[in-house]
Amino acid sequence: HTLEAGAKYILRNNSSEDDRFDADDTGKYEYNKDQSSHYKHLNDIIAAYLGYGLKVKRLSGRLGLRYEHTIQDVKYLVGRGEDFTKNFDDVVPSASIGYKLTDMSNLRLGYNMRIYRPGIWALNPYLNDADPSYISRGNPELDSEKSHAFNLSYSNFTQKFNVNISARYSFTNNSIENVTRLMPDTEIEGLKNPTGKDVLYSTYANIGKTRYASVNGYVNWNATSRTRIYMNMSLSLIHISEPTRH
């Protein structure tokens, strides 16, 4: 029996200064405070992990569970951006089971989940209307992407012949995608002085679905003391989709 536990704390303190200067009729550049942006971005991650392993004769297994709490705190010092805080709570499991077929060969089945937290540019609710025909903003309501993966592998190692074959299938149901659509600017919340014309409006949403399947193989044959023949092979299939809007 193996039992392990751990904790981790990550603190990131980022800042950005983006200044814009516009030319007037005389060609003189003046500082545009509304279109400039100064902000501080604090990103704290608190994580705890618990794992358990078991080995009985030819059978071995492992279970793991990780909890992560993420705090993203953004404060605008200059510009039209509004301060916001976004927290994430993610539980990340993993599991695997292995069976020793012989002293030289093993069969293993595993599952794990990975998360991808959206960055500041995807979360930032600042409305960028510097180009009146293409307006964009982030989405502070985004969730973490969650990817689930299953693995099955077989390995056999001898002095003359080595082989490893693995199959993997993973899926994500809430990947973060950039969404752009044509719409009247009067429907864009927070836009000053709308004209009623159609514009391109871009933001982010958890709408993507991804399916990934692959098979990988490795074969090595030590034909003689001076001759080694090996081969790698890989086959993969990826399917990406998102909801169709009418």
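The model is predicted, so local features were taken only at pLDDT of at least 70 and side-chain atom pairs only at pLDDT 80 or more, while totals for chains, interfaces and linings use all residues. Residues are numbered from 1 along each chain as its sequence is written, and side-chain values use heavy atoms, with hydrogens and water left out.

Salt bridges come first. Side chains of opposite charge can pair when their charged atoms come close. With a salt bridge taken as a side-chain nitrogen of Lys or Arg within 4 Å of a carboxyl oxygen of Asp or Glu, a search of the whole structure turns up five. One of them pairs E4 with R62, whose closest N and O atoms are 2.2 Å apart. This pair ties together distant parts of the chain, with E4 sitting in strand β1 (residues 2-18) and R62 in strand β5 (residues 59-78), 58 residues apart. Strands here are DSSP runs of E, at least two residues long, numbered from the N terminus. For accessibility, buried means under 20% relative accessible area, exposed over 50%, and partly exposed in between (1.4 Å probe, protein chains only). On that scale E4 is partly exposed at 32%, and R62 is partly exposed too, at 35%.

K146 and D90 also meet through their side chains, in a salt bridge of 3.3 Å from N to O. Again the partners come from distant parts of the chain: K146 belongs to strand β10 (residues 145-157) and D90 to strand β6 (residues 84-100), 56 residues apart. D90 is buried, at 2% relative accessibility, whereas K146 is partly exposed at 28%. Elsewhere, salt bridges that share partners join R66, E68 and R117 into one network. Within it, the side chains of E68 and R66 meet at 2.7 Å, N to O. E68 is buried, with a relative accessibility of 8%, and R66 is partly exposed at 28%.

That leaves E189, found in the loop between β11 (161-184) and β12 (198-224). E189 counts as exposed because its relative accessible area is 67%. Leaving aside residues up to four places away in sequence, E189 touches L127 and R137, a contact being heavy atoms within 4.5 Å. By contrast, A167 is 22 residues from E189 in sequence, yet their C-alpha atoms lie 47 Å apart in space.

How values were computed
Helix = DSSP H or I, 4+ residues; strand = E, 2+ residues; numbered from the N terminus.
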